[in-house]
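Colleague: Before we discuss this chain, I would like to hear how each term is defined and what value stands behind it.

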Amino acid sequence: PSLLHIEELCDSIVRSHRDTSQFRLEELQALRWKLFSREEIHAYQSKSVDEMWQHCAVRLTEAVQYVVEFAKRIPGFRGLGQNDQITLLKTGSMEVVLVRMSRCFNTENSTVFFDGKFASTELFKSLGCGDLMVAVFDFAHSMCALRLTELQMALFSSLVLINTDRPCLEDRGRVHRMRRHLEGSLSHMLRRDNQESLEHKLYQKVSVLQSLCSLHVEKLHWFSQRYPFTVHSVFPPLYKELFT
Ligand SMILES: CCS(=O)(=O)c1ccc(CC(=O)Nc2nc(-c3ccccc3)c(C(=O)c3ccccc3CC(C)C)s2)cc1
């Protein structure tokens with residue numbers, strides 16, 4: 001693609017990323033030392049398994065809705081068939097949430113922004129999925145180590161979504177053409193910033209993301225076996241549609 005086309009594509013993608021992130025980086029930075037008190041942590045830990053899952057499912061669904069908005073603004077996405085748009089979102093939205101979560105992660109005290117303050121894994125104890133929490137935190141740590149700019153995160157997020165390997169895509173060729181422009185823009189921008197080494201590190205993250213999402217679905221399945229009513233009658237419909 002031409003240089004002008006790349007600049008235009010990047011401007012549009014990073015603007016969409018900013019407009020569809022629930023919190024700006026500056027806001028998250030300003031809040032990063034706002035930690036939950038012992039009492040507040042204890043209150044979360046005293047929640048029942050299904051209460052805590054419900055609480056997180058609502059928060060996660062909110063984050064996913066912003067990713068859906070981001071996807072719709074990726075140039076070309078709305079040009080895809082409805083079914084392909086849904087296929088890409090169904091399989092990719094959680095992966096983008098996980099990439100974005102690294103923006104709200106404080107590596108100095110291993111806390112993540114949740115419910116207005118920063119929480120460590122202990123706060124999520126009553127979820128009963130410690131291994132998922134550790135995996136999510138480890139991934140956030142590894143993403144923070146790459147010190148991505150918002151443009152790099154925006155381009156990487158769009159590449160996580162515009163994935164030609166997703167099953168049952170109807171017009172794979174069209175997805176591939178979109179992807180090629182995004183790949184070209186990412187490598188152009190990395191070269192411009194003298195960070196070519198970042199490219200393969202980012203592509204290596206994709207397999208970790210996919211295993212994290214499988215673990216999340218596995219835990220949700222475990223949870224829905226124990227609390228079928230909660231999942232079927234109380235969980236947000238979008239959460240159910242995407243992850244069950
Ligand atoms: C994402 C865009 S942003 O503007 O940066 C932003 C916007 C909004 C927030 C606030 C927020 O919703 N934080 C959440 N944190 C976690 C979480 C929880 C456990 C560990 C690590 C992060 C949420 C989850 O529910 C979650 C996320 C990933 C995997 C698993 C889960 C829990 C499962 C059981 C549903 S929601 C934070 C950051």
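Modeller: Let me begin with pLDDT, which is the predictor's confidence in each residue, on a scale from 0 to 100. The chain averages a pLDDT of 96, and 100% of the residues score at least 70. This is a predicted model, in which local features need pLDDT of at least 70 and side-chain atom pairs count only at pLDDT 80 or more, whereas totals for chains, interfaces and linings use all residues. Residues are numbered from 1 along each chain as its sequence is written, and side-chain values use heavy atoms, with hydrogens and water left out.

Colleague: What makes the radius of gyration of the chain agree with that of a compact globule?

Modeller: The radius is taken over C-alpha atoms, and the globule rule is 2.2 Å times the number of residues to the power 0.38. For 244 residues a compact globule would have a radius near 18 Å, and the chain has 18 Å, so the two agree.

Colleague: How many helices and strands does the chain have?

Modeller: Counting DSSP runs, with helices as H or I of at least four residues and strands as E of at least two, the chain has 11 helices and 3 strands. Their order from the N terminus is α-α-α-α-α-β-β-β-α-α-α-α-α-α.

Colleague: What share of the contacts joins residues 24 or more positions apart?

Modeller: With contact meaning heavy atoms within 4.5 Å, such pairs account for 79% of the contacts with a separation of 6 or more.
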